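Biologist: Can you walk me through this model? I'd like to start with its pockets.

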Amino acid sequence: NVIMFNVPERSINDKNEHHDGQLSYDIMQRAGLPEQDGQFTCTRIGASESKTKTNRPRPLKVSCSSKSTAFELLVLSKNLKGDEKYGNIFIVPDRTREERVEHKKLVDLLRVKRANNPEKKFYIWNKSIRSSD
């Protein structure tokens, strides 16, 4: 499973029930994922915009039929960065609450290391922080 952020939601007047599926399929194609062999399902996470005070779209959870497809999409998601239509969409792995807490700690530590050593390049690899010397 992967989570897509900043994917626009359909408007209230839009009667297309497959809006999220079509949009996520288009995003996967733009990222460079080859034609889907298996199936995937899409669901929005959280309360709808009408129930919250934010104007941000809810995250979109995409469940792929195979882990390899999800992993390939995560690798290819960097191709969206320069895309005019989908450049603001971020794709991340679907993590458990514990994994999210652990990852946040790693990211915070990474920020500290980068601030203390701006001349070095630090990155997260296999749940640890590494530097390229």
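Biologist: Which element gives the most to the lining of the largest pocket?
Modeller: Helix α3, with eight residues. This is a predicted model, so local features need pLDDT of at least 70, side-chain atom pairs count only at pLDDT 80 or more, and totals for chains, interfaces and linings use all residues. Residues are numbered from 1 along each chain as its sequence is written, and side-chain values use heavy atoms, with hydrogens and water left out.

Biologist: What counts as a helix or a strand?
Modeller: Both are DSSP runs, numbered from the N terminus: helices are H or I with at least four residues, strands are E with at least two.

Biologist: And what is a pocket here?
Modeller: The search uses a 1 Å grid over the protein atoms alone. A pocket is an open set of points where a 1.4 Å probe fits, with protein on both sides within 12 Å along at least five of seven lines. Lining residues have an atom within 4 Å of a point.

Biologist: How much space lies in the largest pocket?
Modeller: About 1400 Å³. That volume is the space filled by probe spheres set on the points, with grid points joined across faces, edges and corners.

Biologist: What about the second largest pocket, what volume does it have?
Modeller: About 240 Å³. I3, F5, I45, P59, K61, V92, P93, D94, R95 and R100 line the second largest pocket. Two or more of its lining residues come from each of β1 and β4. By class, that lining has six nonpolar, no polar and four charged residues.

Biologist: Let's zoom out. In what order do the elements run?
Modeller: From the N terminus, β-α-β-β-α-β-α-β-β. That comes to three helices and six strands.

Biologist: How many of the residues are buried?
Modeller: 23% of the 133 residues in the protein chain. Buried means under 20% relative accessible area, exposed means over 50%, and partly exposed is in between (1.4 Å probe, protein chains only).

Biologist: Back to α2. Which residues there are buried?
Modeller: T69, A70, L73 and L76, in a helix spanning residues 67-76. They cover an arc of only 130 degrees around the axis, which puts them on the same side of α2. The arc is that of the directions from the helix axis to the C-beta atoms. On the other side of α2, K67, S68 and F71 are exposed.

Biologist: What do the buried ones pack against?
Modeller: β1 (2-5), α1 (19-31), β3 (60-64) and β4 (90-93).

Biologist: Now α1. Is S24 buried or exposed?
Modeller: Buried, with a relative accessible area of 0%. S24 lies in α1. Leaving aside neighbours within four places in sequence, S24 is in contact (heavy atoms within 4.5 Å) with M4, F40, C42, L60 and V62.

Biologist: And A31, buried or exposed?
Modeller: A31 counts as buried, at 1% relative accessibility. A31 is also in α1. A31 and Y86 are 55 residues apart in sequence and 9.1 Å apart in space, C-alpha to C-alpha.

Biologist: What is L23 in contact with?
Modeller: V7, P8 and Y86, leaving aside neighbours within four places in sequence. L23 lies in α1 and is buried at 15% relative accessible area.

Biologist: Last topic, the backbone. Where does N126 lie?
Modeller: In the loop between β5 and β6 (128-132). Phi of N126 is near 55 degrees, a positive value in a residue other than glycine. Most residues other than glycine have a negative phi.

Biologist: What about K127, what is its phi?
Modeller: About 65 degrees, positive although K127 is not a glycine. K127 lies in the loop between β5 and β6. K127 counts as exposed at 59% relative accessibility, and N126 counts as exposed at 66%.

Note on methods:
Nonpolar A, V, L, I, M, F, W, Y, C, P; charged D, E, K, R; others polar.
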